[in-house]
Each structure stands twice: as structure tokens, then as C-alpha cells.
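Subject: Structure handover

Hi,

Here is the structure we discussed. My notes follow below it.

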Amino acid sequence: MLFSRRKFITMSISGAAAMAGPVWASDKISVVATTGMIADTARWIGGNVVEVKALMGPGVDPHAYRQTRSDIVAMTRADLVLWHGLYLEAQMEDFFRKLEKRGNVVAVTDTLPRELLRGHDDYADKFDPHVWMNPTLWVFVAERIREALIARSPGNASVFVKNMEQLLPKLVDLNAYAEKTLASVPQSARVLLTAHDAFGYFGQAYGFDVLGVQGISTESEAGLKRISTLVDLLVDRQIGAVFVESSVSDRSIRALSEGAEARGHKVSIGGELFSDAMGLDGTYEGTYIGMIDHNVTVVANALGGTAPARGMHNKLSAGF
Ligand code: ZN
């Protein structure tokens, strides 16, 4: 079974390379990134000399995503392929391990110090992949992307270094905003309950208890027992708000809120958070900084803290 799957992957890669037709329109350094967060960071650092395509758009769940035929074509023709790693792209792991042998494929978390990573609840030998939730960890990823671009295009090294120097203080400011804003949430209300366990690093960085209806990956459906345990917790701790996620079904979160209400405890939906995918292309929330700003601002305002309604730079869409 495993053998035939590997064989299929090999055939897919070589078959796609043989396909005709333009994939990359310009003479810029072509980069394919799996998630929007990686793509946005690569655009920051690559600036005008790179063209970046993201495989996964807004609302796409990276735990479940499988490469399409056109993805394979783009990846086989790209100058550089950036994927997340840490088993985030669980359905594409075999594909990337194979593609990696071509030498222009980088898992952007591969040099992230392991002692900074959280364990994975479902797999003893794996880590929680959701490192973008803490901007200070994302700095390591940005630096890895800079190094990958320099290795691919040494002649543009000074451009990549300069762009990273401009990005770094923005990530530092983002983290400072998150620390200050989330510190305004009363201690007893610092519980973040979402559809799946994507916010572990967020909780660790900013002092929140984090609970997901589903685990770290979105593979398994939450059972009734899990729902009932979480309803107890909502009622016992008098948690006032739970959150839906843009890339995961909101069914289980709504079941929780209804379950608590049936026990006489009103729980509101605190808003939609961007967990594993960013907001719409072309919007502020469709950038890494905008995504985190949105999450921090929504969480703080829903749980009794104080945050400017339109976020750190007054750029968030009104009325979320
Ligand atoms: Zn996730």
C-alpha cells in the first residue's frame, strides 16, 4: 500500500513537470508556499524580486488539504517551495518528503528550536504545529524564509536582509500589542474555547487556558462526551464567550453554546478567529499581521478586556 502510494507520488511529480503551458508569468524568483501565513511572510521578505503563490486560500484547513494537479505543476516549476512542516500539512507529508529530494524545498519550521515547541496531544513524537500564533516564534520562521531565499538567489541577499530588518520591528510591535491588550482581560475570564486546538502557543504566550473541541489536528469529530465536558466547564467557570474559526466548521461551537444555555448559562459567540488560515486576499485580515491583530482584538473585547475596536493600527474591518 505504502509502496504504491509512493509510486503514485513519483509519477505525479514527473508527469506534472512534463505538462505544457506557462505557470509563472514573470522572470521573478517563483515561490510556492502552502499556507497564507508563509506566503505573506515570503512576500514581505522577497519584496519586488519574488512572485509568491499560496496553495491554501482563506478558509482552507491545512490539516486536511491535499495537493491538486495544478498545485503539483506550480511546485515542480517553482524556484522555491516553502511548506510549514511539523505535520501541519498531514495529507501532503509524503508528497513533500519526496519533493524535498529536488533540493529547493524547505520546511520553514525545520530550524525552529525544538525546546520552544509544545508537544502534540495526539502524537507523542510530534509537536504542535500552530507556531504562527506567537509572533516571537514566527520571527524564527521569517528568518528561515530569508535564508531559503538567499540560498536560492544569493545575488539578492541584501534585498532580503533589508526587508527582514523592516519586518522584524513590526513583529515585535505586534507581540507588544498582544501582550498589552490581552493583559487587560480579567484573570478569571482568560479561557479561550475554540473549535480545534490551534491556540496553544497563543495561550502559552499570553496567559490563557486554551481548549479546543477537537484536538490539535481537525481529523477527528468531537464526541458527545467531549461536548458535555466542555459545557460543564463553561458553566462551572462562568465563561461568557466561545469562538468560531474561519477554517473549521462552527457546528460543535454552536452545540456548546446551546448546551450551556440549556443549563441556564448564557454563552455568546465571541467572534470568528483566524486559526489556520488568514482573512480574504487583499484585506488587512488577509495578512499575517492583520490576522493576529484581529484575533487579539476580538478575544480581548469578547472576554472583558479593552482593545481598540479596529485594532492595533485602526485597520481592522468594522463590525466583525
Ligand atoms: Zn490547526
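Which side chain meets Asp-232 in a salt bridge? The partner is Arg-263, at 2.6 Å from N to O. A salt bridge here is a side-chain nitrogen of Lys or Arg within 4 Å of a carboxyl oxygen of Asp or Glu. Asp-232 sits in helix H8 (residues 224-236) and Arg-263 in the loop between helix H9 (251-262) and strand E8 (268-273), so the pair ties together parts 31 residues apart in sequence. Helices (H or I, at least four residues) and strands (E, at least two) are DSSP runs, numbered from the N terminus. Asp-232 is partly exposed at 32% relative accessible area. Arg-263 is partly exposed too, at 46%. Cut-offs: buried is under 20% relative accessible area, exposed over 50%, partly exposed in between (1.4 Å probe, protein chains only).

Before the rest, the ground rules. This is a predicted model, where local features need pLDDT of at least 70 and side-chain atom pairs count only at pLDDT 80 or more, while totals for chains, interfaces and linings use all residues. Residues are numbered from 1 along each chain as its sequence is written, and side-chain values use heavy atoms, with hydrogens and water left out.

Zinc site

Four residues supply the protein donors of the zinc ion: His-63 (NE2), His-130 (NE2), His-196 (NE2) and Asp-276 (OD), at 1.9 to 2.1 Å. Donors are N, O and S atoms within 2.8 Å of the metal (3.2 Å for Na, K and Ca); water is not among the atoms, so sites may look incomplete. The angles run from 94 to 126 degrees, so the arrangement is tetrahedral. That label requires all angles of four donors to lie between 85 and 135 degrees. The sequence spacing of the donor residues is H-x66-H-x65-H-x79-D. Both His-130 and His-196 are buried.

Other salt bridges

The structure holds ten salt bridges. One joins the side chains of Arg-118 and Asp-128, at 2.5 Å from N to O. Both residues lie in the loop between E4 and H5, so the pair ties together parts ten residues apart in sequence. Arg-118 is partly exposed at 22%. Asp-128 is buried at 0%. Asp-125 pairs with Lys-126, with the closest N and O atoms 3.9 Å apart. Glu-93, Arg-97 and Glu-100 form a salt-bridge network.

A buried arginine

Arg-146 lies in helix H5 (residues 135-152). Its relative accessibility is 19%, so Arg-146 counts as buried. Leaving out residues up to four places away in sequence, Arg-146 touches Ile-45, Phe-160, Val-161 and Met-164. Contact means heavy atoms within 4.5 Å.

Best wishes

Conventions:
Four donors count as tetrahedral if all angles lie between 85 and 135 degrees; four count as square planar and six as octahedral if opposite donors are over 155 degrees apart and all others between 65 and 115; anything else is irregular.
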